[in-house]
Amino acid sequence: MIGIGIFLLAFMFVFAFIPGLFVPFVSNSDELTMTADRTAATLVDDTLALHDGSGVYPGILDASQINAFASAVNNPAQYNQLRAGLGLNMTDSALYSLEVVISWQNGSTMDIINSDDRAVTLIGNVGQSKRFVFIRDPSNPADYPGAMAVLKVRVW
Amino acid sequence: MRDNRGQIQTIEGIVAAFIVVFALAIVVQTTSVTPLSSSFTNQHIKLELQNVGNDLLSTLDQTPWNRSDPASASELKLGVVTWAVFDNYTMFTWNNTAFVASDHITVMTDSYLTKALKFALVANGTAFNLELRYPDAGAGGNMKTTKVIWNGDPSENSVTASRYITLSDDDIAHQDHVIPDYSSTSLHATVEVRLTLWVM
């Protein structure tokens, strides 16, 4: 009886312990990943996309929209509205932080991030989504067809 | 010999068997993680690759080469036609500095397509193949595949992105020897541009 008791106890212990061994390798950032994908899609296909008389060009970004977006991110009131519009608010008080990094073909990068978000330590899960875009300045015909860039959206 | 230990020993037997099976299952799942095994490429990495591939083809296809004429050929189509006409359907491979043919001398004619591939994929260490699929001349609806850029057989974790373009008889010679003229009208053929991407 004592023997089987110890045996069952050891068995229970192993059962309770083994899932813990794998915890560091299990990602629970699925939600963040999906949020990042959705945010990237909204930005690339609509918010930052080039608009003209004949419609929207998903994947082709307007340089002036990017500048407007960057200044909105650093304006607290506009930033809250922007995040609400992108569906980045979990509750009224807790909002996801957002970072957009644009790497141009010529090697230059643009890092769009709110200064408060930068202060948030990057411990924990971060969702990232990567998109390939063309960035065009419609007011500058010499710029056509625009510069290629990779846009990374990070959410945490 | 008669006693009452049968039940306990049965439970013990079942539990012991379960532990053995459980241990085996863990061993089988863990030892196979090598850089090339199927669990190495995360589902999200695949999704990212596919996004980049789709973006690459769709942005090029949405960019007419002539700014003032929205009906002019897209950069994607121009890239394919450039390859067909100037490179004469040669298969190219990335050699770390350029796309070269099998003679290691002929370099692929530059287009926005090759520039985009170099920037978005080569520079990020993504391996890719670029192929064209089009209807064969004979009836029967068979499809033919021609390799444009071939960097080897894709891994089993590859993803594909494709985009259809239409070639007219103005774009490509009517008596073209590779892509057959599929119709008697000015339509030459509908071609699927297929990009296969994988992480090396």
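Buried residues are those with under 20% relative accessible area, exposed ones have over 50%, and partly exposed ones fall in between (1.4 Å probe, protein chains only). The structure examined here is a predicted model, in which local features need pLDDT of at least 70 and side-chain atom pairs count only at pLDDT 80 or more, while totals for chains, interfaces and linings use all residues. Residues are numbered from 1 along each chain as its sequence is written, chains are lettered from A and ligands numbered from 1 in the order in which they are written, and side-chain values use heavy atoms, with hydrogens and water left out.

We can begin with chain A on its own. Its secondary structure comes to five helices and six strands, where helices (H or I, at least four residues) and strands (E, at least two) are DSSP runs numbered from the N terminus. Read from that end, the elements follow the order α-α-β-β-α-α-β-β-α-β-β. Of the 156 residues in chain A, 40% are buried.

One feature of the surface is a nonpolar patch of about 310 Å², made by Phe13(A), Val14(A) and Phe17(A). Patches are made of residues with over 30% relative accessible area and no salt bridge, with like charges joined within 9 Å and nonpolar side chains (Val, Leu, Ile, Met, Phe, Trp, Tyr) within 5 Å. Phe13(A) belongs to helix α1 (residues 2-21) of chain A and is exposed, at a relative accessible area of 55%.

The two chains meet through 30 residues of chain B and 30 residues of chain A. About 2,700 Å² is buried between them, with 71% given by carbon and sulfur atoms; buried area is the accessible area (1.4 Å probe) that two parts lose on being put together, summed over both. In chain B, the residues that lose the most area to chain A are Gln62(B), Arg67(B) and Phe119(B), which together account for 23% of what that side buries.

Polar links across this interface can be listed as well. Four residue pairs are in polar contact (both at pLDDT 80 or more), a polar contact being a pair of N or O atoms within 3.5 Å; within protein, one must be able to donate a hydrogen and the other to accept it, and residues adjacent in sequence count only if both atoms are side-chain atoms. Helices α1 (6-31), α2 (43-61) and α4 (112-120) of chain B each supply at least two residues of the side of chain B that touches chain A. Among the elements of chain B, α2(B) gives the most to that side, with nine residues.

Arg131(A) lies in strand β5 (residues 127-136) of chain A and Asp55(B) in helix α2 of chain B, so the pair joins two chains. Both Arg131(A) and Asp55(B) are buried.

Within chain B, Glu192(B) and Arg133(B) form a salt bridge through their side chains (3.3 Å, N to O). Because Glu192(B) lies in strand β6 (residues 187-199) and Arg133(B) in strand β3 (residues 126-135) of chain B, this pair ties together parts 59 residues apart in sequence. Glu192(B) is buried, at 6% relative accessible area, whereas Arg133(B) is partly exposed at 24%.

Within chain A, a salt bridge joins the side chains of Glu99(A) and Arg154(A) (3.3 Å, N to O). This pair links distant parts of the chain, with Glu99(A) in strand β3 (residues 98-104) and Arg154(A) in strand β6 (residues 147-155), 55 residues apart. Glu99(A) is buried at 9% relative accessibility, and Arg154(A) is partly exposed at 24%.

Finally, the backbone of chain B deserves a look. Most residues other than glycine have a negative phi. Tyr89(B) has a positive phi, near 60°, and sits in the loop between α3 (75-86) and β1 (93-94) of chain B, where Tyr89(B) is buried at 10% relative accessibility. Asn96(B) also has a positive phi, near 90°; its place is the loop between β1 and β2 (99-100) of chain B, and Asn96(B) is exposed at 64% relative accessibility.

Notes
Accessible areas come from the Shrake-Rupley method with a 1.4 Å probe; for residues, only the protein chains shown count as cover. A salt bridge is a side-chain nitrogen of Lys or Arg within 4 Å of a carboxyl oxygen of Asp or Glu. Contact means heavy atoms within 4.5 Å.
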